[in-house]
Amino acid sequence: LGSIMEVDAKPTTEPQQSGTTSSGIPPAVFIEDVEKFMHNESSAEEVLKRMQSNYSTYKFIEAKLNQSKASLRSKLPDIKQALEMVNYLISKKGLEEGITTQFELHEGVYAKAHVSKVETVCLWLGANVMVEYSFDEARALLTKNLDGATNNLKTIEEQLSFLKDQITITEVNIARVYNFDVKQRRQRKAAQEAQ
């Protein structure tokens, strides 16, 4: 019935730290007044280094979340197909004549089979592990996995949306601090030339 791996209940990106959101993503703070902010800092270079480091962290988290999203999206159709098949087998359970079906032996190679008196189903769990379940157990597992994958996908979408905002705020902050630094250098240069 396809590969059905258990899906974690909640995806994580990093361990929970103080000053982070519930998803572990540190929020970026928009710098309202750059001059006031820079007054407490030693140099623009140090501030820009910290901001670039935060930016790199956000991009890394974004890449990991996109990877998790792609993985979940590829698993969802398999889980849905396996659940449909289990439901189909349950609907044909009491038939005396059984069912005729085709199953995949290898990529693109199928065999025809006649199945009668089916009471259990085998599911691939991953890592070359196949487990035999009763129909009810299989349906419960697949439903749980489908719900978990759907919820995880929704959570990842929300995290990516939040992360996009943090990346934008960080990019704007970097530009504003850089522009402030350029302005300060020009003013110092003009003051030195005036003397």
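Contact here means heavy atoms within 4.5 Å.

1. **Basis.** This is a predicted model, in which local features need pLDDT of at least 70, side-chain atom pairs count only at pLDDT 80 or more, and totals for chains, interfaces and linings use all residues. Residues are numbered from 1 along each chain as its sequence is written, and side-chain values use heavy atoms, with hydrogens and water left out.

2. **Strand E2.** Ala 111 sits in strand E2, residues 109-115. Its contacts are Thr 101, Gln 102, Phe 103 and Leu 105, once neighbours within four places in sequence are set aside. Take Thr 101: 10 residues separate it from Ala 111 in sequence, and the C-alpha to C-alpha distance is 8.4 Å.

3. **Overall layout.** The chain has three helices and four strands. Helices (H or I, at least four residues) and strands (E, at least two) are DSSP runs, numbered from the N terminus. Read from the N terminus, the order is α-α-β-β-β-β-α. The chain has 195 residues, and 29% of them count as buried. Buried means under 20% relative accessible area, exposed over 50%, and partly exposed in between, with a 1.4 Å probe and protein chains only. Take the contacts between residues at least 6 apart in sequence: 66% of them join residues at least 24 apart.

4. **The H2/H3 pair.** How do H2 and H3 pack? Helix H2 covers residues 44-91 and helix H3 covers residues 135-194; their angle is about 160° and their axes are 7 Å apart. H2 is therefore roughly antiparallel to H3. The axes are lines fitted to C-alpha atoms, for helices over the stretch in contact, and angles run from 0 to 180 degrees between N-to-C directions. Angles under 35 degrees count as roughly parallel, over 145 as roughly antiparallel, 65 to 115 as roughly perpendicular, and the rest as oblique.

5. **Handedness and composition.** H2 and H3 cross in a left-handed sense. That term applies if the near helix is turned anticlockwise from the far one by less than a right angle; clockwise is right-handed. The residues of the contact of H2 with H3 comprise 29 nonpolar, 12 polar and 11 charged. Here Ala, Val, Leu, Ile, Met, Phe, Trp, Tyr, Cys and Pro count as nonpolar, Asp, Glu, Lys and Arg as charged, and the others, Gly among them, as polar.

6. **Cores.** A nonpolar core is a set of buried Ala, Val, Leu, Ile, Met, Phe, Trp, Tyr and Cys residues joined through side-chain atoms within 4.5 Å. The largest one holds 28 residues, and Leu 65 and Leu 163 have the most contacts inside it. H2, strand E3 (120-126) and H3 each give two or more residues to this core. H3 supplies the largest share, 11 residues. Leu 163 is in contact with Ile 25, Tyr 58, Ile 61, Glu 62 and Leu 65, leaving aside neighbours within four places in sequence. Another core lies apart from that one; it has 10 residues, including Ile 31, Ala 44, Val 47 and Leu 48.

7. **Asp 181.** Is Asp 181 buried or exposed? Asp 181 counts as buried, because its relative accessibility is 11%. This residue belongs to helix H3. Asp 181 touches Ala 44, Glu 45 and Arg 188, with residues up to four places away in sequence not counted.

8. **Gln 52.** Gln 52 is in helix H2. Its relative accessible area is 40%, so Gln 52 is partly exposed. Gln 52 and Glu 171 are 119 residues apart along the chain, yet their C-alpha atoms are separated by 8.7 Å.

9. **Tyr 133.** Tyr 133 belongs to strand E4. Tyr 133 counts as buried because its relative accessibility is 18%. Not counting residues up to four places away in sequence, Tyr 133 touches Thr 120, Val 121, Leu 123, Leu 125, Ala 138 and Leu 141. Its C-alpha atom is 5.4 Å from that of Val 121, 12 residues away along the chain.

10. **Backbone check.** Which phi value does Ala 127 have? It is near 55°, positive in a residue other than glycine. Phi of Asn 128 is also near 55°, again positive in a non-glycine residue. Most residues other than glycine have a negative phi. Ala 127 lies in the loop between E3 and strand E4 (129-134), and Asn 128 is in the loop between E3 and E4. Ala 127 counts as exposed at 76% relative accessibility. Asn 128 counts as exposed at 77%.
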